[in-house]
Amino acid sequence: MITSLHNKYVKEVIALLGKKKERDRQGVFAVEGGKMFGEAPTERITCVYIAQSAEKEMYAQYGDKLSGLSCEIVADEVFDRMSDTVTPQGILCLVRQQHYNIEEILRDSEKKQMLFIMLEDIQDPGNLGTIFRTAEAAGADGVIMSSRTADIYNPKTIRSTMGAVYRVPFLYAEDLSSIIKLLQEKGTEVYAAHLGADHFYDAYDYKKSAAFLIGNEANGLRDETADCADALIGIPMEGKVESLNAAVASSILLYEAYRQRRNG
């Protein structure tokens with residue numbers, strides 16, 4: 001049992017939770033809680049840590065999965081320091097990162113009508129995680145992000161995805177405009193959420209392959225990015241509200257596409 005804060009594994013977990021550089025160096029990330037452990041692909045889990053007081057509960061609930069994994073029991077006071085959450089749930093694990101390329105994301109583009117959400121410089125980890133969760137729920141085929149977007153493996157982002165991070169393909173792009181062009185060449189219409197749009201989002205048909213562009217929380221899309229889109233689309237708003245939260249805007253657009261496709 002691990003009882004010391006100076007244990008090398010404890011230091012490793014704390015570093016992974018706090019530093020993107022360390023996550024990237026090791027190619028792993030830390031996830032907390034029973035739900036996130038339960039949904040994590042077993043073949044990608046490298047190690048599991050369980051709080052001493054939660055050992056019986058975790059083995060009763062996840063015994064089959066734990067039996068084939070490397071597990072360490074940790075003294076409660078040490079586990080509390082390892083955790084990134086206010087109320088630790090008694091289990092955390094390290095998971096190997098997943099990396100996709102554009103070919104993998106587009107592999108079904110000739111067989112079906114695709115749906116993507118594209119994010120430029122989204123900074124809030126909670127927003128990013130919520131967008132992933134909504135993307136999965138609305139049947140999106142992938143999330144494409146600019147290189148300046150928040151880290152998907154940030155622990156706050158991971159929690160907000162509610163497991164979608166394991167299942168939704170994603171890609172960070174150094175040049176978002178080149179990806180937009182590639183999507184368009186593959187027959188995908190690209191729609192940019194923009195305050196300067198002439199038409200609202202519900203004026204368009206998203207039954208064919210479509211991608212929605214969402215910009216930075218404070219500044220929206222860069223002009224050069226918005227100019228790449230096939231159309232600028234707006235979301236009607238009452239009162240004095242100038243714009244919607246990026247995750248909310250993404251949800252509205254993704255679910256409009258989902259609604260149209262469900263209704264044929």
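I worked from a predicted model, and I began with the open spaces. The largest pocket holds about 520 Å³ of space, and I counted 25 residues in its lining, with Ala193, His194, Leu195, Ser243 and Leu244 the closest to its centre. When I asked which elements give two or more residues to this lining, I found strand S9 (199–200), strand S11 (231–234) and helix H11 (246–262). By class, I noted 14 nonpolar, nine polar and two charged residues around the largest pocket.

I looked for nonpolar side chains grouped on the surface and found a patch formed by Leu195, Met237, Val241, Leu244 and Val248, with about 420 Å² of accessible area together. Leu195 and Leu244 had already come up in my notes, among the residues closest to the centre of the largest pocket. I also checked valine 248, which lies in helix H11 and is partly exposed, with a relative accessible area of 40%.

My search of the whole structure for cavities of 30 Å³ or more returned one, and the largest cavity has a volume of about 40 Å³. I listed Leu17, Ala30, Val31, Glu32, Met36, Pro155, Ile158 and Arg159 as its lining, to which strand S1 (28–32) and helix H8 (155–161) each supply at least two residues. I sorted that lining into six nonpolar, no polar and two charged residues.

How many salt bridges does the structure hold? I found 13, and I went through some of them pair by pair, bearing in mind that side chains of opposite charge can pair when their charged atoms come close.

Aspartate 141 and lysine 112 meet at 2.6 Å, N to O. I placed aspartate 141 in the loop between helix H7 (125–137) and strand S6 (142–146), and lysine 112 in the loop between helix H6 (102–105) and strand S5 (115–119), so that this pair, 29 residues apart, links distant parts of the chain. Aspartate 141 is buried at 14% relative accessible area, whereas lysine 112 is partly exposed at 36%.

Aspartate 121 and arginine 222 form a salt bridge at 3.1 Å, N to O. Because aspartate 121 sits in the loop between S5 and H7, and arginine 222 in the loop between strand S10 (210–214) and helix H10 (223–226), the pair ties together parts that are 101 residues apart in sequence. Here I noted aspartate 121 as buried, at 10% relative accessibility, and arginine 222 as partly exposed, at 35%.

For lysine 207 and aspartate 205 I recorded a salt bridge at 3.9 Å, N to O; lysine 207 is partly exposed at 35% relative accessibility, and aspartate 205 is partly exposed at 45%.

I looked up alanine 75 in the loop between strand S3 (71–74) and helix H5 (76–82), where it counts as buried at 4% relative accessibility.

Conventions: Residues are numbered from 1 along each chain as its sequence is written. This is a predicted model: local features need pLDDT of at least 70, side-chain atom pairs count only at pLDDT 80 or more; totals for chains, interfaces and linings use all residues. Side-chain values use heavy atoms; hydrogens and water are left out. On a 1 Å grid over the protein atoms alone, a cavity is a set of points where a 1.4 Å probe fits but cannot get out, and a pocket is an open set with protein on both sides within 12 Å along at least five of seven lines; lining residues have an atom within 4 Å of a point. Grid points are joined across faces, edges and corners, and a volume is the space filled by probe spheres set on the points. Helices (H or I, at least four residues) and strands (E, at least two) are DSSP runs, numbered from the N terminus. Ala, Val, Leu, Ile, Met, Phe, Trp, Tyr, Cys and Pro count as nonpolar, Asp, Glu, Lys and Arg as charged, and the others, Gly among them, as polar. Patches are made of residues with over 30% relative accessible area and no salt bridge: like charges are joined within 9 Å, nonpolar side chains (Val, Leu, Ile, Met, Phe, Trp, Tyr) within 5 Å. Accessible areas come from the Shrake-Rupley method with a 1.4 Å probe; for residues, only the protein chains shown count as cover. A salt bridge is a side-chain nitrogen of Lys or Arg within 4 Å of a carboxyl oxygen of Asp or Glu. Buried means under 20% relative accessible area, exposed over 50%, partly exposed in between (1.4 Å probe, protein chains only).
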